[in-house]
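Subject: Structure handover and notes

Dear colleague,

I am passing on the structure below, together with some notes on what was found in it. Please look through the sequence and the model first, and then read on.

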Amino acid sequence: MPFKIPDVVAAGTFAHREQPAIPAPGGLIIRPWSPDDAPAVYEAFQDPVIQRWHARDAESVDETRGWIEGWRKAWTEERDAYWAIADAATDEVVGRIALRNIVFGDGQAEVAYWTMPSARGRGIAPRALTALSDWSFAEVGLHRLELLHATANGASCRVALKTGFAPEGIKRSAILHEDGWHDMHQHARIAP
């Protein structure tokens, strides 16, 4: 039986092109991960703040190199898209940003991000999130981006609100972290 409504974004939108680098304001570049970035990812996951909000632990640089390989493969499989946020002048990794749980047919994805401890407080996450969101709507054709964060993660909530992700409600006891179940605050931004 045929569908009455066509896919919002065609399958193959990512798989048939290279993952792009996306400029972001203030001297940032959102670029594909390189195996050479593994030490920065390892360093990031030694940070107690990142550890608090992630279920994963990095035990070695080799392990994070494997993560990067998986992140790069996720692009061609069109399930997730991960980028390094880097200083455009030095190429130093200052964070990560991603589209996760991509459903092209529905025109939706979830955004996720973190910043290196040394990069916090400089507006990096909001600038990168705005650039990625704008690209996702204008270049990819996505209709809806969702953002989830633990209700206890005030920094992530401030990023969401600052970048136009409207609060939609609380998903009760939705994500298990190391310290137990967390309620998740859901935000979304819709294509203009």
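This is a predicted model: local features need pLDDT of at least 70, side-chain atom pairs count only at pLDDT 80 or more; totals for chains, interfaces and linings use all residues.

Residues are numbered from 1 along each chain as its sequence is written, and side-chain values use heavy atoms, with hydrogens and water left out.

Overall fold. The protein has five helices and eight strands, where helices (H or I, at least four residues) and strands (E, at least two) are DSSP runs numbered from the N terminus. Their order along the sequence is β-β-α-α-α-β-β-β-α-β-α-β-β. The radius of gyration is 16 Å, close to the 16 Å that the globule rule gives for 192 residues, so the protein is as compact as a globular protein of that length; the radius is taken over C-alpha atoms, and the rule is 2.2 Å times the number of residues to the power 0.38. Along its principal axes the C-alpha trace spans about 50 × 40 × 30 Å.

Of the 192 residues, 46% count as buried, a term that means under 20% relative accessible area, with exposed meaning over 50% and partly exposed in between (1.4 Å probe, protein chains only). Contact means heavy atoms within 4.5 Å, and among contacts between residues at least 6 apart in sequence, 60% join residues at least 24 apart.

Helix α4. This helix covers residues 124-140, and its 17 residues reach 23 Å from the first C-alpha to the last, close to the 24 Å expected at 1.5 Å a residue; the expected span is 1.5 Å times one less than the number of residues. Because 12 of the 17 residues of α4 are buried, the helix is largely enclosed by the rest of the structure. Among those buried residues are I124, P126, L129, W135, F137 and V140. Just after α4, G141 takes a positive phi of about 95°.

S133 lies in this helix and, at 0% relative accessibility, counts as buried. Leaving aside residues up to four places away in sequence, S133 touches L145, F165 and R189. By contrast, G66 is 67 residues from S133 in sequence and 27 Å from S133 in space, C-alpha to C-alpha.

Strand β7 covers residues 166-177 and includes H177, which counts as buried at 9% relative accessibility. Not counting residues up to four places away in sequence, H177 touches R52, W53, H54, A150 and H182.

S173 is also placed in strand β7, and its phi is near 45°, a positive value in a residue other than glycine. As background, most residues other than glycine have a negative phi. With 41% relative accessibility, S173 counts as partly exposed. D91, found in the loop between β3 (81-87) and β4 (93-103), likewise has a positive phi, near 70°, and is a residue other than glycine. The relative accessible area of D91 is 41%, and D91 is therefore partly exposed.

With best wishes
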